[in-house]
Amino acid sequence: VIKAQLSAQPHGVGFFHESRQPWQETDCQVNNGGCEHTCVGDPVGYRCLCLLGYSLRDDNHTCAQEDGLPSVALLFSGDSGVFWLPHDIPDIVDSVSLRTLVSGMKVLAMDVNYAGQMLFYTREVGDGTQEIYRRSLINEANESPIPIYTRGRNIEGLAVDWLASNVYWTERSDGNIQVSRLDGTLRKAVVSGLDEPLGIAVHPRERLLFWTEIGTTARVARASLAGTDNVTLAHGFSVSKPK
C-alpha cells in the first residue's frame, strides 16, 4: 500500500513508462496518411475520417463540407416526423445517431428530389385532410416549408419524377392519382376511378407510373406518366393491403 497526502478523492490512474506505448511506425505518421482531416488505424491499415459537418469524398482522403444530406442517406418517415441516417460510412454502428428533418407530425408519405435537394412530404391537419409540403435540404433551419397542395383526402403515396420535375400522389378517398409541378402548379388528376389507391412509384426513364389499390379487389397497376395505357400487373392477393 502506497500512502500519499491527498487533498481530494483519487479517481483516474495511469502508468508512465515507454513499455506502455511501444513505438511502431504506421501509415498515419507519414503525411497524415494523405488524409485531409483525421487519420486513424483500422484492421486493414488506416482510414481517413472527416470532422463534423464534412463528408469523405470518393477519393477516401479529402473532405467536403456538407450543405444538407450526405451523398448517400436512408430517409424514413413515421408518426413523429421524417428522419435520415447517413449511409456513406463503411460500417453502420449503434452509435450513429438519427438526424431529424421534420418533427412533431405524422408523415405518411414522402419522397426526395436529389438534384434539387428538396424533400416532399405529407402532413395531417385538424380537419382530417392532408397537405403536401416542400422544403429544402440545404440550410433547412433557415427556410420554412412551402405548402404545394392542401385539402387532400388520405394522401398515402407520393413520388417525384426527377426528370420532368413533377410530383405524383395518390388520394385514396377520391380514388385518383394527381400530378403537379414541383411547386404545386398545373395540378391535374391523371388517373381516376381507382379503388382506394395507396402506394405509388415512378420510372421516369421508361415514362411509367406504378401504384397499388387496396379496395374490393387489391391490385398492382401500371400506366404511362400521362395516365394512359392502364394495365393490371397483379391482382387477387392473399394480403389485403399491398403497398
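# Side-chain pairs, strands and loops

A polar contact of 2.9 Å links the side chains of Asn-166 and Arg-181. Keep in mind that this is a predicted model. From that contact, the tour goes on to salt bridges, aromatic rings, a hairpin and a few loop residues. The salt bridges come to five, and the aromatic pairs to three.

**The opening contact**

- Asn-166 sits in strand β13, which covers residues 166–171.
- Its relative accessible area is 14%, so Asn-166 goes down as buried.

**Salt bridges**

- Some background first: side chains with opposite charges can pair up when their charged atoms get close.
- The total here is five salt bridges, and one of them brings together the side chains of Asp-127 and Arg-151, at 2.2 Å from N to O.
- Asp-127 is in the loop between β9 and β10, while Arg-151 is in strand β11 (residues 146–152), so this bridge ties together parts of the chain that are 24 residues apart in sequence.
- Asp-127 is partly exposed, at 46% relative accessibility, whereas Arg-151 is exposed, at 54%.
- Arg-172 and Glu-196 make another salt bridge, with their closest N and O atoms 3.2 Å apart.
- That pair also links distant parts of the chain: Arg-172 belongs to the loop between β13 and β14 (176–181), Glu-196 to the loop between β15 and β16, and 24 residues separate them.
- Both partners count as partly exposed, Arg-172 with 23% relative accessibility and Glu-196 with 31%.
- Glu-213 and Arg-219 join through their side chains in a salt bridge of 2.6 Å, N to O.
- Here both ends are buried: Glu-213 has a relative accessible area of 4%, and Arg-219 has 14%.
- There's a network too, in which salt bridges with shared partners connect Glu-156, Arg-172 and Glu-196.

**Aromatic pairs**

- Of the three aromatic pairs in the structure, one is Phe-76 with Phe-83: the ring centres are 5.8 Å apart and the planes sit at 35 degrees, so this pair is tilted.
- Phe-76 is partly exposed at 32% relative accessible area, but Phe-83 is buried at 15%.
- Tyr-121 and Tyr-133 make up another pair, with ring centres 6.0 Å apart and planes at 20 degrees, so it counts as stacked.

- Phe-76 itself is part of strand β5, residues 73–78.

- Strands β18 (residues 219–224) and β19 (residues 231–235) run antiparallel, joined by four bridges.
- Across the pairing, Ala-221 faces Thr-232 in β19.
- Six residues lie between the two strands of this hairpin, where Gly-227 takes a positive phi near 90 degrees.

- For context, most residues other than glycine have a negative phi.
- Glu-196, the salt-bridge partner of Arg-172, has a positive phi near 60 degrees.
- Its loop runs between β15 (188–191) and β16 (197–203).
- Arg-207 isn't a glycine either, yet its phi is positive, about 55 degrees.
- Arg-207 lies in the loop between β16 and β17 (208–213), and at 62% relative accessibility it counts as exposed.

**Gly-116 and its loop**

- Gly-116 is in the loop between β8 (110–113) and β9 (118–124).
- With 34% relative accessibility, Gly-116 is partly exposed.
- The C-alpha atoms of Gly-116 and Leu-137 are 8.7 Å apart, with the two residues 21 apart along the chain.

Technical notes
Residues numbered from 1 in each chain as written. Predicted model: local features only at pLDDT ≥ 70, side-chain atom pairs only at ≥ 80, totals over all residues. Heavy atoms only, no water. Buried < 20%, exposed > 50% of the residue type's maximum accessible area, 1.4 Å probe, protein only. Phe/Tyr/Trp six-rings, centres within 6.5 Å; stacked < 30°, edge-to-face > 60°. Pairing = 2+ DSSP bridges. Polar contact = N/O pair within 3.5 Å; in protein donor to acceptor, adjacent residues only side chain to side chain. Salt bridge = Lys/Arg side-chain N within 4 Å of Asp/Glu carboxyl O.
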